[in-house]
Amino acid sequence: MSVTAAEFQSLLDAVDTESGIDCDGLRISREDGAYILATPDGVRTGLDEDDLEQAIEPIAEYVTNWHYWQQSVGGEGTARRAFLRWCERAPLEDGGTDADDHVGGEDTDARVTSADDESLAVPLRYDALRDGVDREWGQLCITARLVDDVDEPAGDRVYDCWHVDDADTDLTDLEVYDDPLDAREIATYDEDGRYRPLKTAPTLVSGWAFTGLSGSELVETVEFFYPATVANWHREQRGALDIDHWLETAERQTGIYDVIDELPREAVDWMAEACCVDSQCLRRREWQYEEGDDLDVDGGDGTFPCREPCSLVVAAARKWTILESEQEHSYELELTTSEFNQLAELIDAVAEGRTDEIREADVNDGANRFRARYLRAKRFDEEGSLEARERRDD
Amino acid sequence: MQALVIAAHGSHLNPDASNPTYAHADTVRETGAFDEVREAFWKEEPHFREVIRTLESDEVFVVPLFISEGYFTEQVIPRELRLEEWDPDRWDSDGTDASQATLEADDVGKTIHYCGPAGTHDAMTDVIVQRAESVTEDPNVGEGVGLAVVGHGTERNENSAKAVEYHTDRIREMDRFDEVEALFMDEEPEVDDVTDFFESEDIVVVPLFIADGYHTQEDIPEDMGLTEDYRLGWDVPADVDGHRIWYAGAVGTEGLMADVLLERAADAGADIGGALEAVRDEVTLSSETDRDAGSEPGAEAGD
């Protein structure tokens, strides 16, 4: 790998106009007409232009790395840049000052210079990029790699993106795309052809690959699969995630959702257990009942955070608020022990979404269709309800 | 940098509800007039709540893809976008003439130009006429033809009827169609009796709705007597009481809607260069090759 004349010229321009270069261990500045070059391997001073050109030859990777991040990617302080750096395990840059401007009262101390313990210095990173650096983002597998094209600058990266389940699948067996907009269509239906109203549900279909994306195209693609996850992750990295807890979100609602702040405290726990766990959503729930009053349920292990109850939770909460306003009663009904247990099996099968997996003739499974039909035939009345008597103790 | 955000309702139940939003967003993307174009939704993602933070642009134009001023455009969208300084008076509108208000979004420190809804822009009148052209496949449709613009009515929002009447009046003033009437689903004059209001044999019926759904694909076709059962479909035109009724679906699916979104943003100060011309050319070209009447189910109503 070598530095082209054009790259060298833009390097000189940057040293002059930006009062020096400081990027991933490469530092170049100019004092009294002479250049100072520093890398983790040492410092050289008193260089003229020719000296500098010679001196950077053995450290071309540092220079092409600078060129990629400063000239190709740019966008200092943006979520896009931070995400692309995370993709190749580059040390995350300090974004604290940008957060300070906009987020009042939050913990905006610039805590992140390298949030990732596995971050790599330039030479090791280049070695890794030649093979491709893999990262997982929800159900996406993202590979960052160096461009293998003599017409492109030597340090330019391209990105591939596919489903984690396809990590070992041959590219020729996948549907290959290069337009980020196609991600929208892929994200719309699950493998049974059902609509996915929650983009971060762990039901993304496999069998496709985006290849050779630029950095901005990759971010665009990821944002179509998992909208706003990059921005919120970036805020969290900077210690500036603005969390809206349940009560704040509920009290903000109007119209038909005005009622949801009446959902009982314990019901919010059940709701989070029903909707906001890793098996149902890949976002890591950071919101609680309210500040200082955490929910009992674990928020999950997702890479990207969930900063407030989503519209699906709000809509479902309305239903539960209405249902929870009903009185409880005691009922008397006749069931065998096995039938009583079967009710639990049925609820469990629906809750785990495994009804489709139960084999036709597996009558040992309480949630088997014939077992359910038998129970209905035996225990339902003419109105189609469980035959039972409401018990009145008064 | 400047960004366009198209704010639409979306649906938890119906994947097609957001199709018009995506289609119009893509048309605007093609023009390159904005550095960034985003769809944002009440019921889908990115949510109104989190869309602004996904943008790098400092200047953001938000255009609600809604038919009328009302609950969503005046309360829900500004609240969810965190436009703290918002007040409906900032639009200084009598129900159909909101243009824009310039505000700050609290969470991001960006300038937000919050525009009036697409449905009340003057350019929407042209989209209704365009829909009449595309459903009849006649670029000169008008003479000897009646046009009915159909709205929801006042049940939920009085401005909904105002928007319908506004465009009806404007089309009437064009003197292009023999007759132009505003009809409604839940108030007089009712769309059920469409043939009572026209003498012309040919009647084009254009529902002023953003997305196809229960109302445009089930209710209205059955109420007008185009079909016994919406699942069986209907003819275009369909014979009803000695009239021929030309009915497709929600006007919001018309390609020219992208033009309205651009005009809204331009009115609010967006620099859109030659994008309007590009969209009009594109839409004219595609409507010549694509006469898809479109009959897809749509959003859940009422939330």
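**Two domains of chain B**

Mentor: In this predicted model, the C-alpha centres of domain 1 of chain B and domain 2 of chain B are 25 Å apart. The domain assignment puts residues 2-120 + 255-289 of chain B in domain 1, and residues 123-253 in domain 2. Where the two touch, domain 1 of chain B supplies 23 residues and domain 2 of chain B supplies 20 residues. On the domain 1 side, helix H7 (residues 257-267) of chain B gives the most, with four residues. By type, the residues on that side of domain 1 of chain B are 11 nonpolar, eight polar and four charged.

Ala268(B) is found in the loop between H7 and helix H8 (275-289) of chain B. Is Ala268(B) buried or exposed? Ala268(B) counts as buried because 20 C-beta neighbours lie inside 10 Å, and the cut-off for buried is 20 or more. Apart from neighbours within four places in sequence, the contacts of Ala268(B) are Phe61(B), Gln100(B), His113(B) and Cys115(B). For a further distance, take Glu74(B): Ala268(B) and Glu74(B) are separated by 194 residues in sequence, and their C-alpha atoms are 17 Å apart in space.

Chain A carries a record entry. The UniProt annotation "domain: DUF7348", from an unreviewed entry, covers residues 5-74 of chain A. The end C-alpha atoms of residues 5-74 of chain A are 21 Å apart, and the span is 50% helix and 30% strand.

Terms used
Residues numbered from 1 in each chain as written. Chains lettered and ligands numbered in written order. Predicted model: local features only at pLDDT ≥ 70, side-chain atom pairs only at ≥ 80, totals over all residues. Domains from an automatic or database assignment. Contact = placed C-beta atoms within 7 Å. Helix = DSSP H or I, 4+ residues; strand = E, 2+ residues; numbered from the N terminus. Nonpolar A, V, L, I, M, F, W, Y, C, P; charged D, E, K, R; others polar. UniProt positions renumbered as here; feature names shortened; annotations may be inferred. Buried ≥ 20, exposed ≤ 12 C-beta atoms within 10 Å, placed from the backbone.
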